[in-house]
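The sequence and the structure come first.

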Amino acid sequence: MQYFLCLAEEKNVTRAARQLNIVQPALSMQIAKLEADLGQKLFDRSVQGMTLTSAGEALVRLTAPIVRDAEHARQEMAQLGGRISGRVSMGLITSVAQSTMASSSATVARRYPEIMLSACEGYTETLIDWVNSGQLDFALINVPRRRTPLAAHHIMDEEMVFACRKDGPIRPPTRLRFDHIANVDLVLPSKRHGLRLILDEHAAAIGIDLHPRLELDTLPALCDVIATTDFATVLPTIALRQSLASGTIRAHRFDAQRIVRSIAWVHHPRRAVSVAAKAVLDVISHDLAHAAKAAWEFAEPHARGTISPSRRGRRKPRSKAVT
């Protein structure tokens, strides 16, 4: 099963054999034996590599949780000897990965040298699917509005802030409200992004529509746009931390109509969370809280002036439908 899952991930016999530290003929023999035992063709072979058949995709869904549980059992037995070891696969939403991935990974490598850490980033919905299918041990996500089949544990709440170029023309009012941004040229994540869903839901609740001039899901690139143009955005402070620290952008807290996003870690309720995974989670949670606190201190509690309307002019009232 381990050989099969590795080949399914690598899609190349040579790379998979190298990853497994075995010779290529041995891997090919094991896969052929597995196909014979199951009576199913699991891979389509071509010059481009190995791709899963429909039977192979079904086997990934069935075996990934089994192999992961067996690995967790091995890890738990190892903990009895006082060692924290094993493989941990985690997923992070982009705003968290951007702020903590580097420091947290370095801390885990230094503090737990026997943990093999695999980390990826993605959208909340994608990470939920990967945890549910057993591809990830746990994931840090924006808490979705809909119910999920996963066990969720709250980590922190974070207010989102209005941000613009530090020396730009936009001057938010002292009592900044969310509906003030309706007349500003915005750059926001796309509707695939969990942060955009939070913003759209908040806008709908107070009766405004968000029509960003630009949509970017790569948050570092989005911050670069804010730092070099007259666009503005609304994001959590940790997503803006580096730009705030460098002094290229400024952030303003909302005085009313505040927007709060909640971060939680999720895991499959029927799969044990290993000691190694818990150790990694403790490191990330600590680093995330520290990053959020440091970033929040950059946000200005009060602003001066008024938001200047964009070149497109102020928001026009909606025309009534002709009946």
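Is the crossing of H5 and H9 left-handed or right-handed? The crossing of H5 and H9 is left-handed; a crossing has that hand if the near helix is turned anticlockwise from the far one by less than a right angle, and is right-handed if clockwise.

The model is predicted, so local features need pLDDT of at least 70 and side-chain atom pairs count only at pLDDT 80 or more, while totals for chains, interfaces and linings use all residues. Residues are numbered from 1 along each chain as its sequence is written, and side-chain values use heavy atoms, with hydrogens and water left out.

## Overall

The chain has ten helices and eleven strands. These elements are DSSP runs numbered from the N terminus, with helices (H or I) of at least four residues and strands (E) of at least two. The C-alpha trace spans about 70 × 55 × 35 Å along its principal axes. Of the 323 residues in the chain, 46% are buried (buried means under 20% relative accessible area, exposed over 50%, partly exposed in between, with a 1.4 Å probe and protein chains only). Among contacts (heavy atoms within 4.5 Å) with a separation of 6 or more, 77% are between residues 24 or more positions apart.

## Helix packing around H9

The axes of H5 and H9 come within 8 Å and cross at roughly 45°. Axes are lines fitted to C-alpha atoms, for helices over the stretch in contact, and angles run from 0 to 180 degrees between N-to-C directions. The angle makes H5 oblique to H9; angles under 35 degrees count as roughly parallel, over 145 as roughly antiparallel, 65 to 115 as roughly perpendicular and the rest as oblique. On the H5 side the contact is made by Ser-95, Val-96, Gln-98 and Ser-99, and on the H9 side by Ile-238, Ala-239, Arg-241 and Gln-242. These residues divide into three nonpolar, four polar and one charged. In this scheme Ala, Val, Leu, Ile, Met, Phe, Trp, Tyr, Cys and Pro count as nonpolar, Asp, Glu, Lys and Arg as charged, and the others, Gly among them, as polar.

H9 (residues 237–246) also packs against H10 (residues 275–296), at an angle of about 60° and with the axes 8 Å apart. That makes H9 oblique to H10, and the crossing of H9 and H10 is left-handed. From H9, the residues Thr-237, Ile-238, Arg-241 and Leu-244 meet Leu-288, His-290, Ala-291, Ala-292, Ala-294, Ala-295 and Trp-296 in H10. This contact divides into eight nonpolar residues, two polar and one charged.

## Nonpolar cores

In soluble globular proteins, nonpolar side chains tend to be buried together. A nonpolar core is here a set of buried Ala, Val, Leu, Ile, Met, Phe, Trp, Tyr and Cys residues joined through side-chain atoms within 4.5 Å. The largest core has 37 residues, of which Phe-162, Phe-178, Leu-210 and Val-234 touch the most other members. Elements giving two or more residues to this core include strand S6 (151–165), helix H7 (194–205), helix H8 (219–228) and H9. H8 gives the most, with six residues.

Leaving aside neighbours within four places in sequence, Leu-210 is in contact with Phe-178, Ile-181, Leu-186, Leu-188, Arg-196, Leu-199, Asp-200 and Ala-203. A second, separate core of 34 residues includes Val-88, Ile-115, Trp-265 and Val-273.

## Single residues

The relative accessible areas of four residues are listed here.

| Residue | Relative accessible area | Class |
|---|---|---|
| Ser-104 | 2% | buried |
| Glu-71 | 18% | buried |
| Lys-11 | 45% | partly exposed |
| Gln-48 | 68% | exposed |

Ser-104 is found in helix H5 (residues 94–111).

Glu-71 belongs to helix H4 (residues 54–79). With neighbours within four places in sequence left aside, Glu-71 is in contact with Gly-86 and Arg-87. From Glu-71 to Val-88 the C-alpha distance is 9.8 Å, across 17 residues in sequence.

Lys-11 lies in the loop between helix H1 (2–10) and helix H2 (13–20). Although Lys-11 is not a glycine, its phi is positive, about 65°.

Gln-48 lies in the loop between strand S1 (43–46) and strand S2 (49–52). The C-alpha atoms of Gln-48 and Ile-84 are separated by 39 Å, the two residues being 36 residues apart along the chain.
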